[in-house]
Amino acid sequence: MPDRTRTPDDQVYHARPLPVVGPRQGPGLASLLPRPDPARPARSLYVHVPFCYHKCHYCDFYSIVDTRDRQAPFVDRLVSELEALAPWSLGAPLQTVFVGGGTPSLLTPPLWRRVLNALTRHFDLSQIRAGEFTVECNPETVTPELMATLAEGGVNRVSFGAQSFNRAHLKTLERWHDPENVPRAWALAEAVGIRRRSLDLIFAIPGQTLGDWDADLRTALDLRPEHVSCYALTFEPNTAMTARWARGEFARAPEDLEAAMFEHTLATLRGAGLDRYEVSNFARPGQESRHNLAYWRQEDWLAAGPAAAGHVRGLRWKNAPRLDDYLRTGERGFAPVVDVEAPEPRRNLVERLLTGLRLREGVDSAAVLCDAAALADGAEDRLARAAAGQSGLGLLDPSRGRWRLTDSGFLLADSVILALAEALDAARRGPVGSRQPEVPQHAAEFPGERA
Amino acid sequence: MPDQTPHVRNFSIIAHIDHGKSTLADRLLQATNAVSAREAREQILDSMDLERERGITIKASAVTVMHRHRPGSAADDFETEYEDAADESGHHTTRKGESPDEHGDLYMLNFIDTPGHVDFNYEVSRALKACEGAILVVDATQGVQAQTLVNAYLAINENLVIVPVINKIDLPSARPDDVAMEIEQTLGFPAEDCLLVSAKTGQGIRELLASICEKFPPPRPPVVTQLRGLIFDAVYDDYRGVIIYIRVFDGALKVGDKIRMMGTGRTFQVTDIGKMTPKPVRVPGVGPGETAYVCAAIRSLKDVRVGDTVTLDSDPAIEALTGYQPPRQMVFCDFYPATSEEGGGPGFEELRDAVEKLSLNDSSFTFLPVHSEALGFGFRCGFLGLLHMDIIQERLEREGGVEVVQTAPTVSYHVLCRGQGPFASTGGQALKPVEPSSPFYRDVPPASTLLEVHNPAELPDGSHIIEIREPMCTLEIMCPKDKIGDIMKLCLDRRGHYKSQSFVSETRDLLKFEIPLAEIIYDFFDKMKGLTSGYGTMDYEVVSYKPDDLVKLDILVNAEPVEALAVITHRHKAEQRGRGLIARLKEQIPRHQFEIPLQAAIGAKVIARETIKSVRKNVLAKCYGGDVSRKRKLLEKQKEGKKRMKSVGSVTIPQEAFMAVLDTGE
Ligand SMILES: Nc1nc2c(ncn2[C@@H]2O[C@H](COP(=O)(O)OP(=O)(O)OP(=O)(O)O)[C@@H](O)[C@H]2O)c(=O)[nH]1
Ligand code: SF4
Ligand SMILES: [Mg+2]
């Protein structure tokens, strides 16, 4: 399962007490989210399942080690939240659904059936078979019964958290599955007719060589996947992995090796027909994750489950990350939301650069410049100059009306984004030279004692 | 104030840093009932926040207290023993049944607590001119130190009577007899004349009060009838404007008088006269021998020159009192607003406001707007020393609310040029000649000009330069005898010349050197302390300017020279300096998206080079779709981190890197 990295900022969410109000009197979603836009109802939905079999050492996401007795209350609350969210789809057919975690495949099939029924009841899933309905699975938890249940409920895409096929490296990550489980789960999905399958892999694991990584990529390609995600291992604060590193248990992969692996990934996967369409995501043409693209293109989506984050008409919100807090909001009858960011043009533009530039398709430069011009005097100029600077360094390709990272630009994506975002910031501080001080041509006298 | 005409005593408390001046002042204020037990706090005269935080005195404070002393007696009663606390107007009442006369004659003690740090030495000189006596405090555990001697000599040169006091005798490690011998050995005061006190426990304070009254002479009688008052200090107050402190030598002054500053000719109406007790207490007027503060609707410190003589506009004195040399700024650095954009804009305006406001409070630092190719608009400021620079920077940020990027401190050079000028720096800025009245204006042959340069970037084109002169100091170091070798080596490595050695005690000697100021302004003090395990002390004074084989060392970042990083250095040290400097820069400039070559060069000749490798990979693996806010917050954090950086071309340089210049490469 990919790490839904819990951020240091999530600590803030935790620290923030939920509003305590009387039962059934709390603010509902209607008072927090903007009204749905009849012209553009939300067509995507994310559902978060917070259970894991075991805590992986690199994962800083809030997930709880599954104790089966928590699953039913979770599904109860989830079902009521789905019902509350439904009005924002305005009855329009959903195009993408993504169930992530945690480990969604840990939910028992009967509970899954309840979730799937609730989805069908509250949302229009009539077009989902032509769209995309993904469930994340840990290979070792996949059973024929589970796969059959999912397929029956409309799921047409699965994403398997393989991470590595090398037992030693899996051990370093504290992933407890047997690599043999991956092809087995792969076949089980195919058996029930789920053909769109994706694999998650991790590289730059301490001790991993370029050869080891190449072997992992080859093994993955042997399964003929339509989609592969390759994440460089990130050392998040407050994880067992980071603590072990701080204790000196292992060294982190050197930057040069990490860069070489990043480049090798692209060369190998491209050679096999899977091109990069996002920093860490590769797909055969047409097999890109449409749900994820909706995020990265700033489209609207609804979100349910603890720690899930949604976006509607420029407003972003985030649910209580802890299962207990999430469940308690049900008792009190208010939305499980703990953080809301109202739409703000500058933030929206920064986010557009942030997610858009990570995509192969990049951003529409004229549109971005136009938005910048509306922000502040000179912002357009500054942004254009910053982009020209990055393209001068060979990191950004400004041709055909778009700004797109070059292959070397992808390696430095964060620096490029920072440079562009800074240009917008500088503009906020007002135009240069509005009141330039005079520099005396002759330093006649210091003020002060020498009167 | 009581009706009986008191005897007046004016004195300063002087010492090496931390020997207990301010604490001793606390005891005097307390014993004489000037502050009640309720108001008392440690070092009460250190009223600035910074003084209290750092535990040092920065500004001298003058106070007036009343005291009774029986002539001829060797120990006095404390006012607290028979008086109630003062009322609002500063009046004390004697407790029932007591006649104050039983405790002796009435004395008015005007005294000034001075700072011990070498940067603020001019405060001591000013204070001494207003006094007839000085209490020389020496720490009983540390003995005579460098500033003990310097300050004692200042007092001796002013013909003041000195009462040596050995303080901190309560400490187990006190060795008062040895210290008394050191005082006799170095200053010639008989060891048995030293008073033993503890400013902490109050032991010896009765005897000290008696000595003050007995040994310090009364003020000299007036020599003219007209008013002559010496301005020995001036402070700015947000509410009352400038408050001047005067010592009246002749004549008298009362509220309502129109005063004239004899130096500047400016006149002001006196609105308020008073004494610090240490609370300000108004008085109707002051006569000869007294000190007082005076408010006269003076708006800016620029309108006052400390050291000037105040007289009456209606009946002016003919001749002014001898004043002071203005304090001389010896260390210079630039402040720029800490924003990453080039050019002016709001950052500069805020900085200007903050600098101007601060200069109202502290007239001993100077400032001048400058523009640097790399850093935009800012101010070049002059300071009395490094501590002073630190304090100004901190006050700018704290009181002025601006963040600044500070360049490394440099000294001021004199550059002798061919011809009459005018001269400009290579950057085109006009250069200022040294005033012929300056004590350092010497040996300027005909058809040449002596220029003052506060920054390597200001050097004129090399073809005009005959020689570069640098400020030279006499440096006195008092150190344990077994460390003399190490200290000698340190000073010789820093281009010092040994002058003399003299005996202080069985264990310590006083060494004298002549050394360039540039060699000691930064890390010298720390090195000296390290070599002597903390026991060494030093003092220095700039005495002359001397030419040497000095060159400008340019630093090129990404092939562009950055003036703020250039240094003037001795030719023989240039390579070492250059290598040290760029090695430091390499550590401090973050890696960029591209390779950054660093070079140190004299003229066109590159003498050292390094390369900052480019970042290979900087991309967060995951941008978990839903949680875009998280990624954005990480980005904000990165931007915040770059705030205190400056862009030079396409390279961002953090504030600390500008301090790399200070690396001596040793
Ligand atoms: N034990 C003991 N400590 C003392 C005595 N007098 C001063 N101190 C301590 O010595 C330290 C320095 O005292 P200050 O009064 O600030 O010294 P200062 O000479 O005014 O220092 P500067 O103004 O910075 O030069 C403080 O921690 C005092 O508490 C004393 O008689 N006995
Ligand atoms: S399976 Fe592992 S990586 Fe995925 S959410 Fe659970 S603990 Fe984190
Ligand atoms: Mg003090």
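Pro436(B) sits in the loop that joins strand 23 (432-433) to strand 24 (448-453) of chain B. The model is predicted. Is Pro436(B) buried or exposed? Pro436(B) has 8 C-beta neighbours inside 10 Å and therefore counts as exposed, since a residue is exposed if 12 or fewer other C-beta atoms lie within 10 Å of its own. Along the chain, Pro436(B) and Leu450(B) are 14 residues apart, and their C-alpha atoms are separated by 9.1 Å.

Chain B as a whole has 666 residues, of which 50% are buried. Its secondary structure comprises 13 helices and 35 strands. Of the contacts in chain B between residues at least 6 apart in sequence, 73% join residues at least 24 apart.

The largest nonpolar core contains 186 residues. Which residues have the most contacts inside it? They are Ala134(B), Leu136(B), Val165(B), Ile231(B) and Ile244(B). When neighbours within four places in sequence are left aside, the contacts of Ala134(B) are Phe11(B), Ser12(B), Ile14(B), Leu128(B), Ala155(B), Leu160(B) and Ile162(B).

Ligand 1 has 21 residues around it, and Gly20(B), Ser22(B), Ile56(B), Thr57(B) and Gly116(B) come nearest. Helix 1 (residues 21-31) of chain B supplies the largest share of this shell, 3 residues. By residue type, the shell divides as follows.

| Residue type around ligand 1 | Number |
|---|---|
| Nonpolar | 6 residues |
| Polar | 10 residues |

Chain A holds an open sheet. Strands of a sheet pair through backbone hydrogen bonds, either parallel or antiparallel. In chain A, 9 strands form the sheet in the order 9-10-8-7-6-5-4-1-11, with mixed pairing. Which strands lie at the edges? They are strand 9 (275-278) and strand 11 (302-304) of chain A, and each pairs on one side only. From one strand to the next, the twist averages 20°.

Within this sheet, strand 6 (residues 157-163) and strand 7 (residues 196-203) of chain A pair in the parallel sense over 6 bridges. Arg157(A) has Arg196(A), in strand 7 of chain A, as its bridge partner. Helix 8 (residues 210-222) of chain A packs on the sheet and touches strand 6, strand 7 and strand 8 (227-232) of chain A. The direction of helix 8 makes about 175° with that of strand 7 of chain A.

Terms used:
Residues numbered from 1 in each chain as written. Chains lettered and ligands numbered in written order. Predicted model: local features only at pLDDT ≥ 70, side-chain atom pairs only at ≥ 80, totals over all residues. Near = placed C-beta within 6 Å. Helix = DSSP H or I, 4+ residues; strand = E, 2+ residues; numbered from the N terminus. Nonpolar A, V, L, I, M, F, W, Y, C, P; charged D, E, K, R; others polar. Buried ≥ 20, exposed ≤ 12 C-beta atoms within 10 Å, placed from the backbone. Contact = placed C-beta atoms within 7 Å. Pairing = 2+ DSSP bridges. Axes fitted to C-alpha atoms, helices over the stretch in contact; angles between N-to-C directions. Core = buried A, V, L, I, M, F, W, Y, C linked by C-beta atoms within 7 Å.
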